[in-house]
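User: I am new to this structure and would like to go through it slowly, one question at a time. Please show it first.

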Amino acid sequence: MVVEEVVLVSFWSSPFGCRVKIAMEEKGIPYEYIEEDLFNKSSFLSSINPVHKKVPVLLHNHKPICESLNILEYIDETWSDRSPSFLPSDPHQRAQARFWADFIDKELYEASKKIYRGNGEQQVVGKNEVLRILKLVEGKIGDKPFFGGDNLGLVDITLIPFYSRFYTWETFGNFSIEDECPSLVAWAKRCLQKESVAKSLPDPIKIYDFIVDLNKYLAK
């Protein structure tokens with residue numbers, strides 16, 4: 001029997017790294033976890049991701065795979081014999097899932113930073129951008145339990161790690177995501193009933209405290 005080496009290099013608060021954790025847990029793939037210090041990046045990280053020097057990086061039999069969405073698809077294809085599949089078999093539905101995952105990936109994180117790093121008008125702009133994105137995505141759930149149907153799919157795994165940051169966004173921006181996007185919050189609570197999600201997401205209060213400390217660090 002061939003023993004595969006699977007290693008995830010990430011940082012505890014990274015929503016992008018959380019995506020990979022959820023995917024590995026959903027597929028039941030054993031892996032080793034290595035915590036990277038993003039404030040004092042190691043030469044190891046530079047060697048496995050020399051282009052961006054960012055986490056997460058998945059090492060599969062010593063071969064690195066970078067960028068979270070790319071890693072999710074790699075996991076789905078490499079361990080296609082394990083359920084669930086993260087992408088639908090229908091080409092149009094598969095293209096739609098990739099579109100929404102890419103949309104979330106490119107838009108949400110950058111918009112949210114305006115809420116907790118900005119002041120005044122910039123915070124308002126960030127809040128409005130975040131709500132616009134969340135409402136658009138909320139509209140795609142329909143009457144399905146998850147974006148992926150009955151199981152977590154690519155879009156679910158892409159978005160759910162940001163749920164740990166909702167408290168931070170709401171506290172800094174003085175608004176309620178549940179009031180604005182009740183169906184999306186109901187979806188998030190369904191996701192949290194999954195063990196793969198519950199054990200992979202960091203505590204929202206710890207995320208808030210981390211971001212407060214990060215803002216102080218960046219202000220020096």
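User: Where is Pro56 found?

Analyst: This is a predicted model, in which local features need pLDDT of at least 70 and side-chain atom pairs count only at pLDDT 80 or more, while totals for chains, interfaces and linings use all residues. Residues are numbered from 1 along each chain as its sequence is written, and side-chain values use heavy atoms, with hydrogens and water left out. Helices (H or I, at least four residues) and strands (E, at least two) are DSSP runs numbered from the N terminus. In those terms, Pro56 is found in the loop between helix 2 (43-48) and strand 3 (57-60).

User: Is the peptide bond from Val55 to Pro56 cis or trans, and what is its omega?

Analyst: The bond that leads from Val55 into Pro56 is cis. Its omega is near 5°.

User: How many nonpolar, polar and charged residues make the contact of helix 1 with helix 3?

Analyst: Contact means heavy atoms within 4.5 Å, and the residues that make it include Phe16, Val20 and Met24 of helix 1 and Leu69, Leu72 and Ile75 of helix 3. Ala, Val, Leu, Ile, Met, Phe, Trp, Tyr, Cys and Pro count as nonpolar, Asp, Glu, Lys and Arg as charged, and the others, Gly among them, as polar. By these classes the contact has eight nonpolar, one polar and three charged residues.

User: Is Ser68 buried or exposed?

Analyst: Ser68 lies in helix 3, and, leaving aside its neighbours within four places in sequence, Ser68 is in contact with Phe16, Arg19, Pro56 and Asp105. Buried means under 20% relative accessible area, exposed over 50%, and partly exposed in between (1.4 Å probe, protein chains only). Because its relative accessible area is 5%, Ser68 counts as buried.

User: Which residue has its backbone oxygen 2.6 Å from a polar atom of the side chain of Ser200?

Analyst: Ser200 is found in the loop between helix 10 (195-198) and helix 11 (204-219), and at 6% relative accessibility Ser200 is buried. Leaving aside neighbours within four places in sequence, Ser200 is in contact with Cys18, Lys21, Ile22 and Glu25. The backbone oxygen at 2.6 Å from its side chain belongs to Ser196.

User: Is Asn174 buried or exposed?

Analyst: Asn174 lies in the loop between helix 7 (166-173) and helix 8 (177-180). Its phi is near 55°, a positive value in a residue other than glycine. Since its relative accessibility is 70%, Asn174 counts as exposed.

How values were computed:
Polar contact = N/O pair within 3.5 Å; in protein donor to acceptor, adjacent residues only side chain to side chain.
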